[in-house]
Amino acid sequence: MTTLYGWGPMFDLPGPSPYVMKADIQMQMLGAPFTRALAELDSVAKHKAPYVVDDGVLIEDSTFIRMHFERKLGKDLDECLTPAQRGQAWAVERLLEDRLGLIMVCERWLVDANFDKGPSQFFADVPEAMRAQVISEVRGGVAASMKGHGIGRHSREERMLLAERDVGAVAAMLGEGPFLFGAKPTAADAVAYGVLAACGTPFFSTPLVALIDAQPNLRPYLARMEARFVHEAAWPSMAA
Ligand SMILES: N[C@@H](CCC(=O)N[C@@H](CS)C(=O)NCC(=O)O)C(=O)O
């Protein structure tokens, strides 16, 4: 039995986490049968979602989840790619997850209005008497980690200059598609969907939305990925 742990629909998205959406889509691409359950971060060492329990074995981190199922099922999500395309796929994944994704985190966590309508919901179960203190500590931790990475040291305007280049690079790679490397979706499409959808949700007030809209091929691409891979009803209710 295989269970993917994460979160279901939030923020007008199939889920709040690009990494959970990526793992979900990649497991579908691999044909791995699985059920979905709400993450309990305190129960896992890395304290992050997604994680999977596969026949009693815990796998943490979306990339290790992909590797585990590729190995187990004897499949390769990038089998149709040339060696050069494999390199490009890995590079675009890193750009999306390790740069654009962090800019998206800054927009959600460091901009007060976005935090209040978005990530603050994660603390709804914290007793009211301690909620403000817990929020302040966790938000402070996110701000510190963004500073430590370096992205948090830029102004919001500077981050958007970088994001514009990132979004433009992915859109240029996609071209007429229909997927990043042609007719068949590959692992990088799952990553691109997760991060670009998270940047483009109109739920948040962020210049990232306009950057996505400025690329005429991106919304149709996201819609194509959704038509194939998004099954919102399959997550348990967040209130359960
Ligand atoms: N490298 C990880 C990143 C996962 C990640 O950052 N997950 C976030 C949600 S988007 C999380 O669980 N954060 C909780 C925490 O840091 O305490 C992966 O690819 O799975």
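This is a predicted model: local features need pLDDT of at least 70, side-chain atom pairs count only at pLDDT 80 or more; totals for chains, interfaces and linings use all residues.
A residue counts as buried here if 20 or more other C-beta atoms lie within 10 Å of its own, exposed if 12 or fewer, and partly exposed in between, with C-beta atoms placed from the backbone. Residue numbers start from 1 along each chain as its sequence is written. Helices (H or I, at least four residues) and strands (E, at least two) are DSSP runs, numbered from the N terminus.

**The sheet**

- Four strands make an open sheet in the order S2-S1-S3-S4, and the pairing is mixed; two strands pair if DSSP finds at least two bridges between them.
- Its edges are strand S2 (35-38) and strand S4 (57-60), each of which pairs on one side only.
- On average, neighbouring strands of this sheet are turned by 25° against each other, direction ignored. For angles like this, axes are lines fitted to C-alpha atoms, for helices over the stretch in contact, and angles run from 0 to 180 degrees between N-to-C directions.
- As background, strands of a sheet pair through backbone hydrogen bonds, either parallel or antiparallel.
- Strand S1 (residues 2-6) and S2 are parallel, with four bridges, and Gly6 has Leu38 as its bridge partner in S2.
- S1 also pairs with S3, this time in the antiparallel sense and over four bridges; Thr2 stands opposite Asp54 there.
- Strand S3 (residues 51-54) runs antiparallel to S4, again with four bridges. Tyr51 has Glu60 as its bridge partner in S4, while Val52 has Ile59.

**Helices packed around the strands**

- S1, helix H1 (residues 18-30) and S2 form a right-handed β-α-β unit. Right-handed means that, with the strands pointing away from the viewer, the path from the first strand over the helix to the second runs clockwise.
- Helix H2 (residues 62-73) lies across S3 and S4, and runs at about 130° to S4.

- Most residues other than glycine have a negative phi, and most peptide bonds are trans.
- Asp55 sits in the loop between S3 and S4, a hairpin with two residues between the strands, and takes a positive phi near 50°. Asp55 counts as exposed, with 7 C-beta neighbours inside 10 Å.
- Phe11, in the loop between S1 and H1, has a positive phi near 55°. Phe11 is partly exposed, with 19 other C-beta atoms within 10 Å.
- Ala49 and Pro50 are joined by a cis peptide bond with omega about 10°, and Pro50 lies in the loop between S2 and S3.
- Another cis peptide bond runs from Gly177 to Pro178, with omega near 5°. Pro178 is in the loop between helix H6 (156-174) and helix H7 (187-200).

**Around the ligand**

- The ligand is surrounded by Ser17, Tyr19, Leu41, His47, Lys48, Ala49, Pro50, Asp61, Ser62 and Thr63. A residue makes this list if its C-beta atom, placed from the backbone, lies within 6 Å of the molecule.
- That shell has four nonpolar, four polar and two charged residues. For the classes, Ala, Val, Leu, Ile, Met, Phe, Trp, Tyr, Cys and Pro count as nonpolar, Asp, Glu, Lys and Arg as charged, and the others, Gly among them, as polar.
- Ala49 and Pro50, the pair with the cis bond between them, both belong to this shell.

- Ile25 is in helix H1 and counts as buried, with 22 C-beta neighbours inside 10 Å.
- Not counting residues up to four places away in sequence, Ile25 touches Ala190, Tyr193 and Phe229; contact means that the C-beta atoms, placed from the backbone, lie within 7 Å.
- Ile25 and Tyr193 are 168 residues apart in sequence, but 9.1 Å apart in space, C-alpha to C-alpha.
- Trp109 belongs to helix H3 (residues 83-109). Leaving aside neighbours within four places in sequence, Trp109 is in contact with Phe115, Pro119, Arg139 and Val142.
- Trp109 and His68 are 41 residues apart along the chain, and their C-alpha atoms are separated by 31 Å.

Note on methods. Two residues are in contact if their C-beta atoms, placed from the backbone, lie within 7 Å.
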